[in-house]
Amino acid sequence: MVSRGVENFQGREGMLLRIQRALGQLIPHIWMSPQNTYNAESVVEKYASDTDLQKPEQTILNLIKESIKKGRMLDVGVGAGRTTHHFAPLAREYIGIDYAHNMLEACRRKFHPLPSNVSFIRRDARDLSIFGDGYFDFVLASYNCFDGFSHLDRIRILKEIKRICKSGGLVSFSSHNLLFAENYFKIDWWLNLANFESRKSLRFLSAIYRYAWVLVLNDSREEIARQDYVMIHDGAHNFGHKLYYIKPWKELEQLAQLGFNNTRIFSLNGNEIERGSDLSRATDCWLYYLCTTR
Ligand SMILES: C[S@@+](CC[C@H](N)C(=O)[O-])C[C@H]1O[C@@H](n2cnc3c(N)ncnc32)[C@H](O)[C@@H]1O
């Protein structure tokens, strides 16, 4: 059951709820586990209301549609089923996994009655042992759902994905881009995000407050820029958990080492970044990768 939005509350009840939420946002939720964050009603509600593909996902879908038609697909970290709308009708078998019970409940409600080719399974993506070798034609992990993992977990899950994908199968996922992260260390960026021009004082204060927490919770900007990949508190889910950021060339290297090839990169505007082009100019907050298994 998802909660009613603030907009639906009138009068004193609405005011109290607003105050409660505002106070909740004042304190970073650094004690929350990622799993609890994704089980929270407000988070499930937000994901459940989103049904559109992101532009690079649409580009990727157009590119691979024919290859995945009538194939088996695994949607890792399926959330509230945003991608299910678009991919499940194509596949012979579509399985969505997620470790957040409430996300899966939202999927089951949304797609009730469940088509015979679709199932949702509660599963931690770090353990894909229920799936046999070479079972899937396509594995998708959209909207940065690997980025809550530590570096080692991430390597392990990519290896597992390679195992459960048939040889020559397709894998696509997105990941936060470390080249973007320097923005979090610029007060101007936060003020722009808060639409400072609107001169709403609460937004302005919230931006400064979030900027300050970024400085407190992370290593320095220079230290972060020196890394190839790093976990960052970027303010997502009210600082609920750190997220993995990686430089795009390092991601390419990681994928090649793990046995993925033909890797292609897509920007948030939906365009492919040409192979061999200067990746230091790929500065979107996250990027999509599409590769095949060797
Ligand atoms: C950012 S949301 C993306 C949801 C969905 N893929 C979408 O694009 O709308 C990340 C999802 O991954 C799930 N997730 C994160 N870590 C996971 C893990 N270790 N095992 C299974 N699911 C996980 C979360 O519960 C959440 O639903």
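The structure is a predicted model, in which local features need pLDDT of at least 70, side-chain atom pairs count only at pLDDT 80 or more, and totals for chains, interfaces and linings use all residues. Residues are numbered from 1 along each chain as its sequence is written.

The chain holds 11 helices and 10 strands; helices (H or I, at least four residues) and strands (E, at least two) are DSSP runs, numbered from the N terminus. Among contacts between residues at least 6 apart in sequence, 69% join residues at least 24 apart, a contact being two C-beta atoms, placed from the backbone, within 7 Å.

Around the ligand sit 21 residues, the closest being Tyr38, Gly77, Gly79, Tyr143 and Cys145; a residue is near a molecule if its C-beta atom, placed from the backbone, lies within 6 Å of it. Helix 2 (34-39) and strand 2 (93-98) each give at least two residues to this shell. By type, the shell has 11 nonpolar, 6 polar and 4 charged residues (Ala, Val, Leu, Ile, Met, Phe, Trp, Tyr, Cys and Pro count as nonpolar, Asp, Glu, Lys and Arg as charged, and the others, Gly among them, as polar).

Now for the helix pair. Helix 3 (residues 41-48) packs against helix 6 (residues 101-110) at an angle of about 40°, with the axes 10 Å apart. That angle makes helix 3 oblique to helix 6. Val44, Tyr47 and Ala48 of helix 3 meet Asn102, Met103, Ala106 and Lys110 of helix 6. These contact residues split into 5 nonpolar, 1 polar and 1 charged.

Valine 78 is in the loop between strand 1 (72-76) and helix 5 (84-87). Valine 78 counts as buried because 29 other C-beta atoms lie within 10 Å. Leaving aside neighbours within four places in sequence, its contacts include Gly96, Ile97, Cys107 and Phe120. The C-alpha atoms of valine 78 and cysteine 107 are 8.6 Å apart, though 29 residues separate them along the chain.

Glutamine 58, in helix 4 (residues 55-68), is partly exposed, because it has 14 C-beta neighbours inside 10 Å. Beyond four places in sequence, glutamine 58 touches Leu53 and Gly270.

Note on methods:
Axes are lines fitted to C-alpha atoms, for helices over the stretch in contact, and angles run from 0 to 180 degrees between N-to-C directions. Angles under 35 degrees count as roughly parallel, over 145 as roughly antiparallel, 65 to 115 as roughly perpendicular and the rest as oblique. A residue is buried if 20 or more other C-beta atoms lie within 10 Å of its own, exposed if 12 or fewer, and partly exposed in between; C-beta atoms are placed from the backbone.
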